[in-house]
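The following note sets out several points for a colleague reviewing this model. Please read them beside the sequence and the coordinates.

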Amino acid sequence: MARLAEQGSPEPAIVAAVIAIILGVWAAYGLSGAGLLPRLPLLRPALVLISAIYLIRAAALPVMLVYLVPGRSVEFLIWSSVVVLVLGIVYAVGTWTAWSRLASSR
């Protein structure tokens, strides 16, 4: 991506923007589940799915280390896996503890 950016390609900026939008939506769902934003549609399934995606990505570390993703360093893979593991745990625990409250509409 760095090479593409150096060449003036819009692809890195587009990829970064899409990732930022996805993470922003996920953050909104987390804040909605915590009661800090209005209730969003499909809140419970969305929080379960977000938790699962983070945890599956973290669990994929061994596979990614065996088949080193081109352009990614081992350190990047390890640290990004730690980050998504923590986020997955936070989302999962938050969803679990608020499950009954999330069933009712606010």
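Does Pro 70 count as buried or exposed, and at what relative accessibility?

1. Pro 70 counts as exposed, because its relative accessibility is 72%; here buried means under 20% relative accessible area, exposed over 50%, and partly exposed in between (1.4 Å probe, protein chains only). Pro 70 is placed in the loop between helix H4 (61-66) and H5. Helices are DSSP runs (H or I, at least four residues), numbered from the N terminus.

2. On provenance, the model is predicted: local features need pLDDT of at least 70, side-chain atom pairs count only at pLDDT 80 or more, and totals for chains, interfaces and linings use all residues. Residues are numbered from 1 along each chain as its sequence is written, and side-chain values use heavy atoms, with hydrogens and water left out.

3. The largest pocket has a volume of about 520 Å³. A pocket is an open set of points on a 1 Å grid over the protein atoms alone, where a 1.4 Å probe fits, with protein on both sides within 12 Å along at least five of seven lines; lining residues have an atom within 4 Å of a point. The volume is the space filled by probe spheres set on the points, which are joined across faces, edges and corners.

4. This largest pocket is lined by 17 residues, and Ile 19, Leu 23, Arg 57, Phe 76 and Val 84 lie nearest its centre. Helix H2 (11-33), helix H3 (43-59) and helix H5 (74-103) each give two or more residues to the lining. H2 supplies the largest share, seven residues. By class, the lining holds 14 nonpolar residues, one polar and two charged. Ala, Val, Leu, Ile, Met, Phe, Trp, Tyr, Cys and Pro count as nonpolar, Asp, Glu, Lys and Arg as charged, and the others, Gly among them, as polar.

5. A nonpolar surface patch of about 700 Å² includes Leu 65, Leu 68 and Trp 79. Patch residues have over 30% relative accessible area and no salt bridge, and nonpolar side chains (Val, Leu, Ile, Met, Phe, Trp, Tyr) are joined within 5 Å; a salt bridge is a side-chain nitrogen of Lys or Arg within 4 Å of a carboxyl oxygen of Asp or Glu. H5 gives the largest share of the patch, six residues. Trp 79, found in helix H5, is exposed, with a relative accessible area of 59%.

How values were computed:
Patch = residues over 30% accessible without salt bridge, like charges linked within 9 Å, V, L, I, M, F, W, Y side chains within 5 Å. Areas by Shrake-Rupley, 256 points an atom, 1.4 Å probe, with all protein chains shown as cover.
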